[in-house]
Amino acid sequence: MSAATVSTIVNLPDQSTARIPKMNFLTKENGLLSWLLTGDHKRIATLYMISITFFFFIGGALAGLIRLELLTPQTDLLAADTYNKVFTMHGVIMVFLFLVPSVPATIGNFVIPMMVGAKDLALPKINLLSWYLYMAAGIGMIYTMAAGGVDTGWTFTTPLSTHYLNTHVISTGLCIFIAGFSSIFTGLNFIVTIHKMRCPGMTWFRLPLFVWSNYAASILMVLGTPVLAITLVLIVLERTVGIGVFDPAKGGDPLLFQHLFWFYSHPAVYIMILPGMGVISEVVSTFSRKRVFGYTAVAFSSVAIAVFGFFVWAHHMFIMGISNYAALVFSLLTMLVAVPSAIKIFNWAFTLYKGSITFETPMLYAFGFMGLFTIGGLTGVFLGATGTDIHLTETYFIVAHFHFVMVGGMLMAFLSGIHFWWPKWTGRMYPEKVSQLAAVVTFIGFNFTFFPQFILGVLGMPRRYAAYPPEFQVLNVFSTAGASILGVGYLLPILYLTWSLKYGEIAGDNPWQATGLEWQTQSPPLTENFIEIPIMDHEAYDYEWLEAQQRKEVASV
Amino acid sequence: MNHISPVLWQFLVKWMTNFSLFPPEASKIAPEMDALFFFMVLVSLIGLTLVVLLLVAFSLLYNKRRHPVAIQIEGSTLLEATWTIIPLGLFLIMFVWGALLYFRIYTPPANAMNIYVVGKQWMWKCEHPGGQHEINSLHIPINQPVQLTIISQDVFHSFSIPAFRVKREAIPGRYSTMWFEANQVGTFHLFCTQYCGTNHSQMIGEVVVMTPDDFKQWLASSTSGNSLAQNGERLFSSLSCTACHNTRPDARGPNLTSVYGSHLTLSSGQTITVDDEYLRSAILNPSQHITQGYAPIMPTYQGQISEDGVIALVEYLKHLDSDYRIQQTTNTTELLPEGEGRTAPAAKAAPAGEVKQ
Amino acid sequence: MAHEPAGSAQSHHGEHPPYQRHHFESVEQQFDTTNFAMWLFLLTEVMFFGGLFMAYLLMRNWYYPAFVEASHQLNIGWGTANTAVLIISSFTMAMSVYSAEMKRRGALVMFLVITFILGLAFLGIKSIEYHEKWEKFHIPGIRYSTSAFTNPQSDPEVYKEYHDKPLPPDMASKTELYFFLYFAMTGMHALHMIIGIAILGFMIYKAKNGAYTTGHVTFVENFGLYWHFVDIIWIFLFPLLYLISRY
């Protein structure tokens, strides 16, 4: 094996003699049906990866339309109704068809069974069903868009969505309902796998932190998503039959919808971010050659976020008619839920201390995550304090806040994870220089796009406005310019990752010299992951064990 | 903050406002909210700088070239405690400070002048007690606490005045209130910030803050002739409320004079204080708001009155114990002397009629 | 990372029972895992029904008189019958599981069939009740009239039993909310019953061919959990919907 150079830890086999292993999960069976009826978690993860990317680009195109419209203060590019549909579909697709399943269903599905030392997830058929439900929801959403779209906003506020619109609310609601069950089944699978299928010796505290994060997110998926499901059922019933549950004239309460909706949708944001945080733990550890600083703290903070996350939903409703005292309670709890995230950031930063750091693409995305998530998370505290929330809520400050945590945070973590596990997944490396460039371009584009939106929010520019007062134009133009750069940053990976499938360097088993059971198998892995179930006899992130391992290995086949 | 260096503060705020980076501070609460906001910005900057510094410093000091062998460190309980407790402490400060502000903004003072706001797709209707109606604009006097009683006729809207740093949802089916005291003359943005359908972006307007004299003039020139209370009185009789709610000894309904603000015992045994929300609910859902000792025979007016009508009735009932016929005016509304507890329509400017405060 | 020593007790390919899936190391692990998965799934079902229970809590609190009088429109006799039917069916389901564990095919099929019939009986009684609601114009949003509540004497059967006082019109209109909750909750419950009965049919077919009496009882046992859960939901629905003023 060629030695790693001074400034990178990448350790690839000799390219002149290296080959991708003939027998792996991609080559085991051929034919469309072997893919569509597979039980192999890695194939299902691949199916998810392709479909999620597809929906991401649809959502991204819609975002492009939004930013183009907002170049000018008037509604000139799109009619007001069309604009309303565009931002609604952008939100619905990005949240339910991209962010919620992204890391869990692609990377999680692929990697978690290997990380715990199992041959597959606990319920492979349910896993496949989960993908089919996701596809059904996605195709339904495309149909809805083609048939005219929906313009309720992704939050479906009643009574607007139940009594005052005649767009495709019901079909969108049903699509999200189905996507919700896809999410529930994925979470269920993870929880059961992590509880029941750990290999011998794999205690809870020997699990990689990626598993802990996905476990916490799965708890949220399993307990929170059913509430969204019933809420959507109620909306459909209200629209079709007119039961009156959200109609004040009939004795119902529009605020009831808000409580039910946010009871899921707040934990949803933690569903979205926790798996990303798990990726960051893995990446930071690998590229500083160190066990994550404060492993136990990071593990428990994931669970703490999940638990506290259930008790803060009304911070989306501070100005909406809840009593002052309720606002007080939820604000306090919101401050509490902010702390575990801060703990993680500091733990990751201190993982770098006395490490041996290299700056491959996954690490660049991880750095981007840490900076941007810090900003996004801190601005969340601005909103969690009730006094400032009055001024900042429902403005572009909120839009900027959630894009910082979701795009600057979650999407960066997703890309970090894709690049990190790409060699394991495909057996090939992506081109490093181009990908580093893409990471930097994304970071710059992102800041240009979303930082001006904080200022717009403080100025008072409301969200979901197709037209705005002219004095807001300069900042909007800045934002759109940044968006075009950001778009380039996201297109590049599609191009070079596809290129790498054919022309990338052969990666070998463990190009990053990472710990973790998935790196001790071939790349791409066998369908059954391990020929024999491993026995875990060392701690997580045990680089000393890895060194001892490498010393024992025979250099040639 | 403006106590620290008024000159510097004014300069900063004016500069930022002129460059459209910061909204004008046009209400009494605005500087106080800005103080908290800048404290948060400061804490965030420090936090961000700290994190970035750590990342950069560690990257420089411990990159592979300089530090080829990593040293495994399990953790440090002391550090964990530090970066748990310090952020928690800072966040709790923000929580307390923010909560104090929040209670201030959503607890109107007793001497606030009340203006009703009805939001509907896609316009704001502001109704002054003197009967002045405006669409998508709100004229108010400077240095006077103004309370807004807001309701929506259809979907959720949100009444937002960024320059005053206040905002509240207009909820269908229920009143919500907020208050502010403008301290800068001028015209400021009014936005609807809760997505409400097609013309959500068009549901904007302006808040015009005027000197007290200008305001009086404006009131005089924009009147429709009848105050809200007068409209309420007409509705009260045209909807036959007087059939039961009168002053006869055998009346089937309670006498409503002085009911506003009183403590009422309901037939369920509960005691409540009669406020705007109660009056509205009693009109629309009477069977749950039966005064003790009376039969539950009041019909519901749900569907028969618009929100404007309900507001007129509420305003009428609010003033039933004062001799508003003489006090009514279509010209001005003036404060009662401090401590009186309520504003009342002030005297006519015309010489005819008795002038009473 | 050590690998398993050769010749260990772990099953090798071909040595495990045919119904053990390949990703499980042992039958115990398979059973344990799927059992845990079913419990977790039932937890999600609790959260799913939870939203409806939340709405019920609120509405009943706000409109108690309407809820009381509306609940008088439900026939306690049918409701009790349904409760008895479900409890007995839970018993027969438990007996099926026991029979499967004891490898008694005949008994298993018999108990499954009885459970199936009882499930159908429940649905039958439910449809009688729903039909009655249709006749009496108590279908919210579609076919609704409050005359039975503003003028209780117009419904002699119910009046004879309860002697309700007439409700004022605005309170009477809230009975529609009660019926919405009635149909939503019992309807959702009935949907789960239908799914359960369908699976029961499938199980009867497989059980006849001996699928569950060869030692592989996982499916029957996990389905039993599901069936008991559906029963428990009904145990909550019955007093909340039928017995509002009776305690």
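In the predicted model, B:Cys126 is buried (under 20% relative accessible area, with over 50% exposed and partly exposed in between; 1.4 Å probe, protein chains only), and its relative accessible area is 0%. A:Cys175 is likewise buried, at a relative accessible area of 7%. Taking a disulfide as a pair of cysteine sulfur atoms within 2.5 Å, the count over all chains is zero. B:Cys126 accordingly takes part in no disulfide, and the nearest cysteine sulfur, that of B:Cys192, lies 12 Å away.

Residues are numbered from 1 along each chain as its sequence is written, and chains are lettered from A and ligands numbered from 1 in the order in which they are written. Local features need pLDDT of at least 70 and side-chain atom pairs count only at pLDDT 80 or more, while totals for chains, interfaces and linings use all residues; side-chain values use heavy atoms, with hydrogens and water left out.

Chain B and chain C meet through seven residues of chain B and six residues of chain C, contact meaning heavy atoms within 4.5 Å. About 520 Å² is buried between the two chains, 50% of it from carbon and sulfur atoms; buried area is the accessible area (1.4 Å probe) that two parts lose on being put together, summed over both. Of the area that chain B buries against chain C, 68% comes from B:Asn285, B:Ser287 and B:Gln288, more than from any other three residues.
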